[in-house]
Amino acid sequence: MKIPENDDVPILMAQTGPLIGQRWMINKTILIGRDASCDIMIPDRQISRFHANLMPAENGTIIEDLGSKNGTFCNGQRIETSVLLQDGDLIQIALVQHFAYLNSDSTMPLDAGQLPITQRSGRLHLDIRSRRVWIGQKEVIPPLSAPQYRLLHILSEQEGAIVSRDELINGIWGREAAQGVSDQALDALVRRLRQRLAELDPDHSYITTLRGSGIKFENIE
């Protein structure tokens, strides 16, 4: 699908799965499924013929499951009703095809042949535009959730420095929503991010919690 020069149109980007690397502009209702008539056709028997819909709305993009057998997931949670997508949300179709939802093409990955934009040198690096993470030569799969990625991005931008809890909460959830976010919620997010990174590198703890001070990220060569 050719994407016009319009930074305001949301983008769906295929990550891991049969359609990896493809992308679609969401300026109309998009039908996802196995049937050849679908706008996004995923050739896998785990995908229902007509699996899910993406629909533009006044306040963003809505995704809904169409009664599929193996489900549609947003940030790891199975969709039971329509869900309003947020920038950076991760969508899985029957856990076969993974997509990232981006509010506009301003955060699209670079074209083939260009180097990704990454955070500093070290074993762990981030492709900022596609929001993908590698440790060494191995990509973190499935991709981090949107809050996990935002946490890692904020910490890695200030590598070696202690980042306060308030700064992290405001950066991850936004200032308005941050008022209702507890320290326990942040701790749970940090714990889950550590677990995800440890799946690829169990010998190094990239994230350290300093009681009473904040949280620090330390990369290694």
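Which residues of α1 are buried? They are Ala146, Gln148, Tyr149, Leu151, Leu152, His153, Ile154, Leu155 and Ser156. Here, buried means under 20% relative accessible area, exposed means over 50%, and partly exposed lies in between, with a 1.4 Å probe and protein chains only.

Before going on, a word on what you are looking at. This is a predicted model, in which local features need pLDDT of at least 70 and side-chain atom pairs count only at pLDDT 80 or more, while totals for chains, interfaces and linings use all residues. Residues are numbered from 1 along each chain as its sequence is written, and side-chain values use heavy atoms, with hydrogens and water left out.

## Two helices

Helices (H or I, at least four residues) and strands (E, at least two) are DSSP runs, numbered from the N terminus. Helix α1 covers residues 146–157 and is mostly covered, with nine of its twelve residues buried. From its first C-alpha to its last, α1 reaches 16 Å, close to the 16 Å expected at 1.5 Å a residue. That expected span is 1.5 Å times one less than the number of residues.

Helix α4 (residues 183–198) lies across β16 and β17, running at about 150° to β16. For such angles, axes are lines fitted to C-alpha atoms, for helices over the stretch in contact, and the angles run from 0 to 180 degrees between N-to-C directions. Arg196 is found in helix α4, and it counts as buried because its relative accessibility is 5%. Contact means heavy atoms within 4.5 Å. Leaving aside neighbours within four places in sequence, Arg196 is in contact with Val140, Ile141, Pro142, Pro143, Leu144 and Gln148. Gln148 is one of the buried residues of α1.

## A sheet of three strands

The open sheet has the order β15-β17-β16, with antiparallel pairing. β15 (162–163) and β16 (207–210) stand at the edges with a single partner strand each, so one side of each is left without a neighbour in the sheet. Two strands pair if DSSP finds at least two bridges between them. β16 and β17 (residues 214–217) pair over four bridges, and Thr208 has Lys216 in β17 as its bridge partner.

## Aromatic pairs

Rings of Phe, Tyr and Trp (its six-membered ring) pair if their centres lie within 6.5 Å; planes under 30 degrees apart count as stacked, over 60 as edge-to-face and the rest as tilted. By this rule there are two aromatic pairs.

| Pair | Centre to centre | Angle between planes | Type |
|---|---|---|---|
| Trp24 and Phe99 | 5.9 Å | 70° | edge-to-face |
| Tyr206 and Phe217 | 6.2 Å | 20° | stacked |

Trp24 in strand β2 (residues 23–25) and Phe99 in strand β11 (residues 97–102) are 75 residues apart, linking distant parts of the chain. Both Trp24 and Phe99 are buried. Tyr206 lies in the loop between α4 and β16 and Phe217 in strand β17, so this pair ties together parts that are eleven residues apart in sequence. Tyr206 is buried at 2% relative accessible area, and Phe217 is buried at 1%.

## Glu64 and the cysteines

Glu64 is found in strand β6 (residues 60–65). Is Glu64 buried or partly exposed? At 21% relative accessibility, Glu64 counts as partly exposed.

With a disulfide taken as a pair of cysteine sulfur atoms within 2.5 Å, the count comes to zero. Cys38 is buried at 7% relative accessibility, and Cys74 is buried at 10%.
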